[in-house]
Amino acid sequence: MSHATKAAEFNKNEAKVNWHDKALWYVREKRDKSAHNVQGWEYLRQLGSKIKANVLSNLDEYLIQFEANAKKNGIHVHWASDAEEHNNIVNDILSKHNAKKVVKSKSMLTEECHLNPFLESRGIEVVDTDLGERIVQLAQEPPSHIVLPAIHKTKEDVDELFQEHLGTTPSQGNPEYLVGEARKHLRDKFLNADVAITGVNFAVADTGGVVVCTNEGNADMGVHLAKAHIACMGIEKIIPKEKHLGVFLRLLARSATGQPITTYSSHFNKPEDGKEMHIVIVDNGRTEQLSREDFRASLHCIRCGACMNTCPIYRRSGGHSYDYTIPGPIGSILSPGKDLKKHSSLPFASTLCGSCSNVCPVKINIHEQLYKWRQVIVKEQKQPMVKKSILKTAGVVLSKPGLYRIAGKTARFMLKNAPKFMIYNKLNAWGKARDLPEVKGQNFDDWYKKRQKNG
Ligand code: SF4
């Protein structure tokens, strides 16, 4: 199903769409205020982008340095070329510990690898401990946003969900009550977990440690209570030195939620006494993306979600319409590299307004990459006949000024005088939800000529 078809589903509930749009715009505005409070914000973005470019150019060296330092700290390091290998490695570690209960803090990589269903099919209970993640897990849905996974749910939806799964009493969506109940429910899961799995925000090559950012402290709670910690990371999470955290931690929290820093920025550098720590380093298509010159900068991404919050298409179509682990503008440039056929509609789900590139803390040229993917897709895939002939005709008309003027005159005449059904019909997808602009008395060309004639 294309993005447009899925978006049409989301758009059926107009009130929810408006609320979703507003909620994300509120986060975008918080990001703006927070960023403007930092002197040299643009310099920070530049620095972040340059450090990431350096990492991608020397990725092999940094990864080997990271592995060596992590091992020195007593951490077990594993390498996985794809999702299957990643899942098998995690499963082997769990089997070694005879683990049947796992708590997991937010990790988009494990979502990408579909780790939960893989482990659940082997009789292991996996509990997502980030509140938003737990909500979508109970609803048996994927996250719809990388930072705000349950942003598509209202507090009333959550109330109903908790009544059904946690046996809570109806509270008309009282957030304090619901959070308190979630806290009790998760406490029990933390206390009984055998192993904790976390994602990784940054892996520091010169220390061999990893940094995990959460607002709820759930990663720390899981890791400190379980007997083993498995941290799963994509190869692009490396940063060269610990001092570079000063750049990325400032950029990440402000861009994600407008906070000056995430509540917990936890450093895991070695296993606790008597416990085990594992890091699984995963490729899963990243090396291939690195080899695509036009698209390699997409690997700079620090998963802040700012491009989603600002995107007019994302805000009004919802994360699930992208049908990919990472939705929104960044997902639309990552997903075609994974499966061009399946995700070919995503680069077209954009106005190319460039707002995503403007807010991206590591200066990824997102809208330019969207445009480049469109060119690849048009070359590689058969396009619908109607679209092809319209574009061909447009090409001819736009390259011949005389023809362009005649076409303009005809269009203006039609817009003014043609019966409505000739303009608003099935062929005009644009007109389904919008009115075409009102035609003015005179076009620019006529106005200009008249002006010249009158001196
Ligand atoms: S592409 Fe940029 S703005 Fe979007 S999630 Fe990644 S870092 Fe954030």
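**Figure 1. Val359 in helix H17 of the predicted model.** Val359 belongs to helix H17, which covers residues 355–359; helices (H or I, at least four residues) and strands (E, at least two) are DSSP runs numbered from the N terminus. With a relative accessible area of 2%, Val359 is buried. Buried means under 20% relative accessible area, exposed over 50%, and partly exposed in between, computed with a 1.4 Å probe on protein chains only. Val359 and Met385 stand 26 residues apart in sequence, and their C-alpha atoms are 37 Å apart in space. This is a predicted model, in which local features need pLDDT of at least 70 and side-chain atom pairs count only at pLDDT 80 or more, while totals for chains, interfaces and linings use all residues. Residues are numbered from 1 along each chain as its sequence is written, and side-chain values use heavy atoms, with hydrogens and water left out.

**Figure 2. The protein as a whole.** The secondary structure comprises 22 helices and 10 strands. The C-alpha trace spans about 90 × 55 × 45 Å along its principal axes. Of the 455 residues, 51% count as buried.

Figure 3. The ligand takes up the space of the second largest cavity. On a 1 Å grid over the protein atoms alone, a cavity is a set of points where a 1.4 Å probe fits but cannot get out. A molecule sits in a cavity or pocket if more than half of its atoms lie within 2 Å of its grid points.

Figure 4. The structure holds five aromatic pairs. In one of them, the ring centres of Phe444 and Tyr448 are 5.8 Å apart and the planes lie at 20°, so this pair is stacked. Rings of Phe, Tyr and Trp (its six-membered ring) pair if their centres lie within 6.5 Å; planes under 30 degrees apart count as stacked, over 60 as edge-to-face and the rest as tilted. Both Phe444 and Tyr448 lie in helix H22 (residues 444–453), four residues apart, about one turn of the helix. Phe444 is exposed, at a relative accessible area of 59%, and Tyr448 is partly exposed, at 41%. Together with Trp447, Phe444 and Tyr448 form one aromatic cluster.

**Figure 5. Charged side chains over aromatic rings.** Arg122 lies over the face of Phe118, 3.7 Å from the ring centre. The ring of Phe348 has the charged end of Lys387 over it, 4.5 Å from its centre. A charge sits over a ring if NZ of Lys or CZ of Arg is within 6 Å of the ring centre and within 35 degrees of the ring normal.

Figure 6. Most residues other than glycine have a negative phi. His114, which is not a glycine, has a positive phi of about 55°. His114 occupies the loop between helix H6 (108–112) and helix H7 (115–120) and is exposed, with a relative accessible area of 51%. Arg303, also not a glycine, has a positive phi of about 55°. Arg303 occurs in the loop between helix H13 (286–291) and helix H14 (306–310) and is buried, with a relative accessible area of 15%.

Figure 7. Ile423 is part of helix H21 (residues 420–423) and is buried, with a relative accessible area of 15%. The C-alpha atoms of Ile423 and Pro240 are separated by 58 Å, the two residues being 183 residues apart along the chain. Leu166 belongs to helix H9 (residues 155–166) and counts as partly exposed at 23% relative accessibility. Between Leu166 and Ala182, 16 residues apart along the chain, the C-alpha separation is 8.3 Å.

Conventions. 1 Å grid on protein atoms, 1.4 Å probe; cavity = no way out; pocket = protein on both sides within 12 Å on 5 of 7 lines; lining within 4 Å.
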